[in-house]
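Take a walk through this protein model with the structure open beside you. We will go from one part to the next and see what can be read from the atoms.

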Amino acid sequence: MIAGGDTAIRKAVESAEDNEAMGWEDLQKYHLTEMDTIVGIAASGRTPYVVGALKKARENNILAACVTSNPNSEMAKHADIAIEAVVGPEFVTGSTRMKSGTAQKLVLNMITTTLMIQLGKVKGNKMVNMQLTNQKLVERGTRMIMEELGLEEDKARNLLLIHGSVKKALDEYRK
């Protein structure tokens, strides 16, 4: 989620991130429970939209984490887990997309990759539960099945397309 919604990805929604209640309100459509975790992201560590969401998550016994570039931030005070990627001052003041944004992207990539592994979506070093959204991914999945099961390309592709993912195809073939 982003303060100001999808529109804010392309065009600034002025003052949206200044509303401390809005972050939690935006989360309500996901029907969070104690089994969920939220991760708030803000280079400054003090964005009200994120801080408010973290506060309310903790009040509702939802694990709250944050990723920021400032140590001992307001966000960190309201998070169960605070990841502080301290990168020092930006080369261009105010341009957090440089050091802070890059560091936060690396941290988020590590978190999501770890989750994919723990959820069983990875076998060895291969993503086996990918969505078959384009020809390149169908070809990749076909090669994975060929390598894993020793099948010819046509049979591997058919197996993949029938089951919709490498993981399901492998599981079903081995039954």
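Begin with Lys167, which is partly exposed at 30% relative accessibility. The model is a predicted one. Partly exposed covers the range between buried, under 20%, and exposed, over 50%, so Lys167 falls in the middle class. Its partner is Asp171. The side chains of Lys167 and Asp171 meet in a salt bridge, with N and O 3.3 Å apart. Asp171 is also partly exposed, with a relative accessible area of 39%.

Why are Lys167 and Asp171 separated by about one helical turn? Both sit in helix H8, residues 166-173, and they are four residues apart, so about one turn of the helix lies between them. Salt bridges can also share partners: in this way Lys123, Glu148 and Arg174 are joined into one network.

Now move to helix H7, which spans residues 153-163. Here Glu153 forms a salt bridge with Arg157. The closest N and O atoms of this pair are 3.5 Å apart. Glu153 and Arg157 are four residues apart in H7, about one turn of the helix. Glu153 counts as partly exposed, at 41% relative accessibility.

Helix H7 also holds Asp154. Is Asp154 buried or exposed? Its relative accessible area is 60%, and the cut-off for exposed is over 50%, so Asp154 is exposed. Now look for Gly5. Asp154 and Gly5 are 149 residues apart along the chain. Their C-alpha atoms are separated by 43 Å.

Helix H4 is the next stop, at residues 74-77. Lys77 and Glu74 both lie in it, three residues apart, which is about one turn of the helix. Their side chains meet in a salt bridge, at 3.6 Å from N to O. The two partners fall into separate exposure classes. Lys77 has a relative accessible area of 56%, so it passes the 50% cut-off and is exposed. Glu74 is at 31%, so it is partly exposed. How many salt bridges does a search of the whole structure find? It finds 10.

Find Phe91 in the loop between strand S3, residues 81-84, and helix H5, residues 99-118. Phe91 is exposed because its relative accessible area, 74%, is over 50%.

Finish at the largest pocket. Its volume is about 1300 Å³. Which elements give two or more residues to its lining? They are strand S1 (37-41), helix H3 (48-59), strand S2 (63-68), S3 and H5. Helix H5 provides the largest share, with six residues. The lining has 39 residues in total. Those that lie nearest the centre of the pocket are Met1, Val39, Gly40, Ile41 and Val50. What kinds of residue make up this lining? There are 24 nonpolar residues, 11 polar ones and four charged ones.

Key:
Residues are numbered from 1 along each chain as its sequence is written. This is a predicted model: local features need pLDDT of at least 70, side-chain atom pairs count only at pLDDT 80 or more; totals for chains, interfaces and linings use all residues. Side-chain values use heavy atoms; hydrogens and water are left out. Buried means under 20% relative accessible area, exposed over 50%, partly exposed in between (1.4 Å probe, protein chains only). On a 1 Å grid over the protein atoms alone, a cavity is a set of points where a 1.4 Å probe fits but cannot get out, and a pocket is an open set with protein on both sides within 12 Å along at least five of seven lines; lining residues have an atom within 4 Å of a point. Grid points are joined across faces, edges and corners, and a volume is the space filled by probe spheres set on the points. Ala, Val, Leu, Ile, Met, Phe, Trp, Tyr, Cys and Pro count as nonpolar, Asp, Glu, Lys and Arg as charged, and the others, Gly among them, as polar. A salt bridge is a side-chain nitrogen of Lys or Arg within 4 Å of a carboxyl oxygen of Asp or Glu.
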